[in-house]
Amino acid sequence: MYQQWVAEERALIKACFGEQRPYWGHMINSVSSPPGFALHLKACVQRTADAAHGSALNILEVGCFAGISTLAIMEGIHQFNLGHGCITVIDPGCHVNNLYPNEAFDHGGRDLATWGQLDLLDYNATLLGWRQAIHLQVNYSGRVLPSFPDAAFDLISIDGDHEYASVLTDMREAARLLKRDGMMCGDDYGMPGVRQAYHEVFPHIPVPPSSFWTLRRTNDGFEPVNPPIEAAARLDFLGDQHSRFLATLAQCGFFLFPPKSWRFIHDRAEAVLRQYARVAIYGAGKLTSVLLRLLDPVLVQRVDRILDDRPESASGGLPLTPVRPDTLRPGTLPDAILVCCEAWDMDMMNKARSRGLSTPVYSVFQGGEVQGFRRSGFNG
Ligand SMILES: C[S@@+](CC[C@H](N)C(=O)[O-])C[C@H]1O[C@@H](n2cnc3c(N)ncnc32)[C@H](O)[C@@H]1O
């Protein structure tokens, strides 16, 4: 399955480059937010355009990765505001050489393995004719945001460094930079740094309904808004790749990881299962359910339980019913705990260890190679 996936992706990316049409596939998806965030952003642009009554929109995006979100915003500007508007994008472009790590081939005399995230943004935006309206600042938000004047932007998206200190600065600066009636949004409310900063900067705003959060600036503060994503919402710039995009929405637990890091996760899990006879997996999400389908079935028999803080929220396909981690008692312990969760792995590792148990705790993300794909650690 893994080899087939790589082959299909390779064929798609070659076809897109050969025919000079935009590419948005799983390589770009690797560090992207869940695909729904792009639709959410487009809905935010629609709502912002309604309030702007035809004037040009000035939009700010912190953290674009390879630009699916940027292009969704640009498409919104064209669809809902007759193309009047521009977007300032801030991203240090740290993810270089990751897009096609083991599968290098030439594109225009340049080995694709040397492409970075912002090259893909540049490629797609240029083909779509939107490049001129995208003002890219290759830098850290903390260094750039203070230089902008107050109340300069109609819409601000915050999806850069997800560490608490950086998010705090981004949110505080965004509050200053937003026009009255302007909207501010972001992803990953579920991540600890984002959540903490959110409630510190907006103490009276309730928990958002999903990992996407959106606020509108009022006369004297902020209020939560929930821009409706119409059933018909499409990202037309994706063309024939739109259906893949929707499939990704359904399966993002798998597709969030590019082949190299997926291989790493897979091998890491197998190594732990080979070493111990009874392993508890901590995390009952999509990543676990996909992993269990791909691992050697003989080794999977060594998984003796699934731990999850919310056992009722288990996703389909798990062979075991999850139990809470606090059911771990001396005498009933597994030989090892394998943490299998992207967003919460450090929390879960600390929690498993803080119970004072001597059981060894591993994460499928531990190790040098995969660190580059994690969504943190880019403090400027
Ligand atoms: C989760 S990705 C953004 C995904 C994108 N918004 C999307 O929907 O596809 C986070 C991005 O933030 C960038 N980043 C990391 N630290 C940053 C910082 N201090 N300022 C601005 N961007 C940062 C990373 O380079 C990465 O491209």
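Visitor: Is D188 buried or exposed?

Guide: D188 counts as buried, because it has 22 C-beta neighbours inside 10 Å. The scale goes like this: buried is 20 or more other C-beta atoms within 10 Å of the residue's own, exposed is 12 or fewer, and partly exposed is in between, with C-beta atoms placed from the backbone. Keep in mind that this is a predicted model, where local features need pLDDT of at least 70, side-chain atom pairs count only at pLDDT 80 or more, and totals for chains, interfaces and linings use all residues. Residues are numbered from 1 along each chain as its sequence is written.

Visitor: What's the phi of D188, and where does the residue sit?

Guide: Phi is near 65°, a positive value in a residue other than glycine. D188 is in the loop between β7 and α8 (192–201). Those labels are DSSP runs numbered from the N terminus: helices are H or I with at least four residues, strands are E with at least two.

Visitor: And what about D181?

Guide: D181 is not a glycine either, and has a positive phi of about 75°. Its place is in strand β7 (residues 178–186). D181 counts as partly exposed because it has 13 C-beta neighbours inside 10 Å.

Visitor: Zooming out, how many helices and strands are in the protein chain?

Guide: 14 helices and 13 strands. The chain has 380 residues, and 41% of them count as buried.

Visitor: Which residues have the most contacts inside the largest nonpolar core?

Guide: L41, V45, I73, L155, I156 and M184, in a core of 61 residues. Core here means a set of buried Ala, Val, Leu, Ile, Met, Phe, Trp, Tyr and Cys residues joined through C-beta atoms within 7 Å. Helix α3 (residues 36–52) gives the most to this core, with nine residues. There is also a second, separate core of 25 residues, including A280, A284, V290 and V303.

Visitor: What is L155 in contact with?

Guide: Skipping neighbours within four places in sequence, L155 is in contact with C44, V45, T48, L57, I59, G182 and M183. Contact means the two C-beta atoms, placed from the backbone, lie within 7 Å.

Visitor: Back to α3. At what angle do α3 and α4 pack?

Guide: About 35°, with the axes 8 Å apart; α4 is residues 68–81. The axes are lines fitted to C-alpha atoms over the stretch in contact, and angles run from 0 to 180 degrees between N-to-C directions. Among the residues that meet are L41 and V45 in α3, and I73 and I77 in α4. By class, that contact has 11 nonpolar, four polar and two charged residues. Nonpolar covers Ala, Val, Leu, Ile, Met, Phe, Trp, Tyr, Cys and Pro; charged covers Asp, Glu, Lys and Arg; the others, Gly among them, are polar.

Visitor: How do α7 and α8 pack?

Guide: Helix α7 (residues 164–177) and α8 pack at about 35°, with their axes 8 Å apart. Residues meeting there include Y164, V167 and L168 from α7, and V194, A197 and Y198 from α8. This contact has nine nonpolar, two polar and two charged residues.

Visitor: One more: which residues are buried in α5?

Guide: Q117, L118, L120, L121, Y123, N124 and A125. The helix is followed by G129, which has a positive phi near 80°.
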